[in-house]
Amino acid sequence: MRITLLQYTPDPEKLIEYSARVCYLSHEKITPTSHEKFLPGLLKNGHLSVFEHASASFFIEGISRACSHQLVRHRLASFSQQSQRYVEESGFAYVTPPEIASSPESKKIYEETMSSIRQAYQKLVALGIKREDARFLLPNATETTLSMSANFREWLHVIDMRVSPHAQWEIRELLTLIWKELYAIAPVVFGLTYFENWSKDYEYKREVFSRHIQA
């Protein structure tokens, strides 16, 4: 699993402050550091629409199709994903769940099955079957690549939903990596204030934040 921050709104926190102050006509209060106190108040009070003015885009590699199927359910984000109709998949890479990898017997079964699927895919393509039909053999474990863009309000929501003990391990790991990148460019927005006030599993997020985001 690899992520790359492709692009983000320049000075995102200052843009959010400026946009929010339109509501109060209080731009005269803006200073180089005023956003540090102003934005937490917005987050606490649920004035979240102003966080939609800033956005960030990521290039995501090496996640499973099982993970991407969960990710694209966040409909306010935008996605472009590697096509199995047009990309040749005879040597497809795949993700192995840790629980399977931890058992030699289950890992052997898993890897033999993946090898068999590769061979079957290759045989179908050799017979002239189109990739868009041969792909029906491909498992949820198949690695995929995609780009994902979302505004900051949506990123907060996705992190809240997926950096959770109730989320599957792979998407939880992915959003933890993304959270770390977002915190680096907007530490006030992607600190703990939003989650402290709105998340149902704040204590879990605080632990993740301490171990992985601030580190």
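Lys205 counts as buried, because its relative accessibility is 0% and the term buried means under 20% relative accessible area, with exposed meaning over 50% and partly exposed in between (1.4 Å probe, protein chains only). The model is predicted, so that local features need pLDDT of at least 70 and side-chain atom pairs count only at pLDDT 80 or more, while totals for chains, interfaces and linings use all residues. Residues are numbered from 1 along each chain as its sequence is written, and side-chain values use heavy atoms, with hydrogens and water left out.

Lys205 is placed in helix H10, which covers residues 202-213; helices (H or I, at least four residues) and strands (E, at least two) are DSSP runs, numbered from the N terminus. Leaving aside residues up to four places away in sequence, Lys205 touches Ile159, Asp160, Val163, Ser164, Trp179, Leu192, Phe195 and Ser199, where contact means heavy atoms within 4.5 Å.

## The annotated arginine

The UniProt record, an unreviewed entry, lists Arg162 under "active site"; such positions are given in the numbering used here, feature names are shortened, and annotations may be inferred rather than shown by experiment. Arg162 lies in helix H7 and counts as buried, with a relative accessibility of 13%. Not counting residues up to four places away in sequence, Arg162 is in contact with Gln70, His74, Ala167, Ile171, Arg172 and Leu175.

## Aromatic pairs

A search of the whole structure finds eight aromatic pairs, a term for rings of Phe, Tyr and Trp (its six-membered ring) whose centres lie within 6.5 Å, with planes under 30 degrees apart counted as stacked, over 60 as edge-to-face and the rest as tilted. Phe58 is buried, with a relative accessible area of 0%, and Trp155 is buried with a value of 0%.

Tyr194 and Phe195 form an edge-to-face pair, at 5.2 Å centre to centre and with 90 degrees between the planes, and both residues are buried. Ring pairs also join Tyr194 and Phe195 with Trp179, Tyr183 and Phe209 in a cluster.

## Charges over rings

The charged end of Arg21 sits over the ring of Phe38, 3.9 Å from the ring centre; the term requires NZ of Lys or CZ of Arg to be within 6 Å of the ring centre and within 35 degrees of the ring normal. Arg118 lies over the face of Phe92, at 5.3 Å from the ring centre.
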